[in-house]
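This briefing is meant to be read beside the sequence and the coordinates.

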Amino acid sequence: MHFGRAKFLSLAIGLLSTLAPDSAANAAEAGSAAPVASSVDSARSVEELANRKGFLYYPSAPPAGKMRFSLGATYDAIDPAVMYGMSLRFPQLALDFQDSLGKGFLFKAHINTMIITNEALLGVGYNWQGGGPWSFGAAVNAGVFLGKLSGLGFDALTIGAEYRPELTIGYALGDIALSLRGSLILIGPERARVGDLWGGFDNNSPFTGHSEILYVENTTRSGSVWYFGAGAMTTRAHYAFWLLFPDSPGLYTYPRIVAGYEY
Amino acid sequence: MNTKIWAFAMAVGSPFFLADCETAREVSIPGFPDGGLLRTGTALEREQLKISFEGMFTVSKGNSLLGDQASVITKPGTVSVLTNKNAGFAVLGAACLPDQRVVVEGYWQYPTRSDAGLVRLFVSPPEVAQDLCNGEEPAPNTNLTLTGSYSDGNDIPTKPLELRWAHELKEWRGRFFTVANHGACLVTDHCGVSTNSIETIRLAERTGSNAIELDVRVTRDGIPILFHDPMLSSSLVRGLFCNGQVNQLTFAELRGSCMMRYGEQIPTLKAALRMMIDETELEGVYLDEKTAEGVLPSAYLVQEFEAELKARNENDDPSDDRKFGMFIGIPNDDVLAGWHAAKATLEAENETRRNNGEDEVPIPRCLLEYDADKVIAEECVAWGPTWTSGPQPENVQKLRDVGIATVFWTINESQFIEGFLTTSKPNGIITARAATLFHTYQLIGTVPDPIGVLQ
């Protein structure tokens with residue numbers, strides 16, 4: 001699929017990133033690949049924050065009991081042809097919670113919702129911070145994939161168990177944390193209801209797709225973090241847009257952009 | 001600008017360029033490298049195919065390809081084997097060879113995957129093959145066997161395949177409508193033909209459809225064409241200058257700039273109707289009007305072709321008789337307003353004809369998609385509800401009681417196809433899995449009473 005719009009978005013995000021964070025320039029000036037203390041008063045260094053409250057995406061190992069909440073949004077630019085010509089796509093609200101269990105272990109919770117499409121996941125993860133700017137994380141999440149709509153020609157529900165293992169590699173750049181996260185999306189068993197009729201899907205395979213998202217987390221003086229990111233989702237059309245249950249097992253790649261704030 | 005910032009920007013932007021990749025795999029429909037044995041034989045006649053091959057077959061070898069049973073139907077020039085295993089089908093030709101054997105060969109495919117291969121079968125017992133070669137039309141019985149092999153990809157077939165005729169098919173022509181969803185396959189399938197193209201109409205018939213739903217839009221100069229989206233989406237069309245909204249381009253501009261996904265031309269509605277009437281045995285078409293502006297020009301075309309069919313069916317030559325129903329599809333209130341306006345225009349024209357002592361031209365029939373009560377109020381002949389509201393057996397029966405047919409759209413999942421067939425017993429279902437629907441109807445469906453839609 002071709003995404004002329006995606007190219008435009010990528011340029012826009014690129015430009016935005018050059019304008020937005022002074023911290024990026026500071027990070028660039030810092031020059032060194034090693035984690036450094038913040039050179040400005042307005043933001044904390046990644047290393048400092050990683051050891052206090054941690055980050056949602058940058059693999060960090062805060063002390064036990066340290067928690068993070070996050071409120072964000074996610075937008076998928078899906079080809080209308082995959083969506084049966086339905087060109088309107090709303091952003092999803094994303095809520096995240098993270099509780100450090102100490103020694104690099106974390107408890108995680110995640111919800112994203114577009115009201116009619118929802119994912120709720122609980123998980124555990126382990127993060128490892130080396131002595132340098134690099135850090136690594138692994139997590140497994142499990143939960144539910146749920147869609148429901150009554151009205152607008154629908155009396156439909158779809159529900160499935162979802163499993164999402166993920167690996168993250170992080171790089172500290174002054175007061176910016178870059179993290180590349182790869183996730184495997186597994187869903188099954190999955191059932192759907194239309195009216196009073198229940199059924200399963202043809203070609204139902206647990207492998208639903210994968211995602212690779214680059215997150216940019218920007219520290220602030222208060223210890224909060226604002227983040228944005230972008231990446232590629234490669235999923236079955238069914239995951240991308242459940243409402244009409246297209247059964248093709250083919251995988252489709254589309255851009256995802258995310259942004260939010262970590263408390 | 002600091003180079004690190006640029007690097008950072010590029011890192012953020014790079015996934016979008018990754019997402020720009022063409023993800024649809026190249027489609028290659030397998031074929032025998034030398035044209036196969038069909039090239040050396042004499043093709044069987046249409047009536048021979050219809051009388052001697054159609055039926056429910058037991059798959060005695062090759063169950064991993066077709067399952068335990070397969071429906072065999074015929075179309076002009078082809079024999080189609082339809083299963084509910086991965087929506088699979090085989091499209092085959094049949095010919096008498098110089099040694100008095102009858103070969104039935106072609107390709108099989110699972111359209112939702114890229115799996116496909118070759119099939120080569122021979123008719124047995126030899127006496128049946130001989131009768132066919134002598135131009136006769138032997139009725140099938142339980143001795144009829146199609147024996148041979150199949151392959152994966154373009155390999156020469158070596159895996160055993162055998163189908164034994166079991167019994168006749170349930171009545172479907174004129175009774176149950178397997179309606180192709182703007183063609184044989186979804187955009188996301190691997191059939192090698194584009195949705196709403198002439199080529200997909202042909203393939204739809206061969207994969208089990210006896211009617212088709214097509215999407216109608218109009219160009220800036222008022223030509224009705226077949227196209228689904230309002231925009232020239234790159235998933236549907238190709239061309240360096242093929243951009244913008246369909247209704248902002250003239251037909252000449254559209255043809256000059258765009259070709260469909262697999263290289264076909266975007267067809268006019270007129271060309272598609274002509275092709276379906278002249279080159280297929282499809283029994284009907286449901287014109288899914290995407291805009292109100294398309295209703296009147298579509299209605300004019302329907303009137304034109306209905307007049308032609310009427311003349312053919314009423315002349316003294318029964319060989320050119322052709323039954324083909326054309327229905328204006330109304331998916332929403334905007335198009336309904338267009339339908340009201342079109343009807344007013346057509347009725348005014350009939351008024352003029354009456355005043356001039358000329359024959360009236362019948363107003364085209366309509367199919368309304370969304371509200372069962374409006375179907376009755378608008379005097380449409382069919383209801384086309386979305387399957388996502390469920391089987392609604394009460395509404396289906398209510399309309400059936402007043403002579404209105406129900407055709408659900410668009411059911412592709414086999415479990416739901418089974419559920420709708422047994423719960424609502426509709427007159428038809430729109431699907432991109434015609435092979436699955438046809439075969440499932442044959443296995444568990446109820447033959448609907450004739451409802452006069454095609455009369």
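In helix 9 of chain B, the buried residues are V335(B), L336(B), G338(B), W339(B) and A342(B). The model is a predicted one, and the points below are grouped by topic.

**Helix 9 of chain B**

- The buried residues of this helix pack against four elements of chain B, namely strand 15 (284–289), helix 8 (295–314), strand 16 (325–330) and strand 17 (365–368).
- After helix 9 of chain B comes G357(B), which has a positive phi, near 75 degrees.

**Chain B as a whole**

- Chain B contains 13 helices and 20 strands.
- Its radius of gyration is 24 Å, close to the 23 Å given by the globule rule for 455 residues, and chain B is therefore as compact as a globular protein of that length.
- The C-alpha trace of chain B spans about 80 × 65 × 45 Å along its principal axes.
- Of the 455 residues in chain B, 49% are buried.
- When contacts in chain B between residues at least 6 apart in sequence are considered, 62% of them join residues at least 24 apart.

**The two domains of chain B**

- The domain assignment divides chain B into domain 1 (37–167) and domain 2 (177–444), and the C-alpha centres of these two domains lie 31 Å apart.
- To the contact between them, domain 1 of chain B gives 19 residues and domain 2 of chain B gives 17 residues.
- On the side of domain 1 of chain B that touches domain 2 of chain B, the elements giving two or more residues are strand 3 (69–75), strand 4 (78–82) and strand 5 (89–96) of chain B, and the largest share, 4 residues, comes from strand 3 of chain B.
- Sorted by class, that side of domain 1 of chain B has 9 nonpolar, 8 polar and 2 charged residues.

- Strand 6 of chain B (residues 102–109) is largely enclosed by the rest of the structure, because 7 of its 8 residues are buried.
- Strand 6 of chain B pairs with strand 5 of chain B in the antiparallel sense over 8 bridges, and within this pairing A90(B) has W108(B), in strand 6 of chain B, as its bridge partner.
- The link from strand 6 of chain B to strand 7 of chain B is a hairpin through 6 residues.

**A64 in chain A**

- A64(A) is placed in the loop between helix 3 (46–52) and strand 1 (67–76) of chain A.
- Because A64(A) has 12 C-beta neighbours inside 10 Å, it counts as exposed.
- Apart from neighbours within four places in sequence, A64(A) is in contact with S100(A), L101(A) and G102(A).
- A138(A) lies 74 residues from A64(A) in sequence, and the C-alpha to C-alpha distance between A64(A) and A138(A) is 18 Å.

Conventions
Residues numbered from 1 in each chain as written. Chains lettered and ligands numbered in written order. Predicted model: local features only at pLDDT ≥ 70, side-chain atom pairs only at ≥ 80, totals over all residues. Domains from an automatic or database assignment. Contact = placed C-beta atoms within 7 Å. Nonpolar A, V, L, I, M, F, W, Y, C, P; charged D, E, K, R; others polar. Buried ≥ 20, exposed ≤ 12 C-beta atoms within 10 Å, placed from the backbone. Pairing = 2+ DSSP bridges. Rg over C-alpha atoms; globule rule 2.2 N^0.38 Å.
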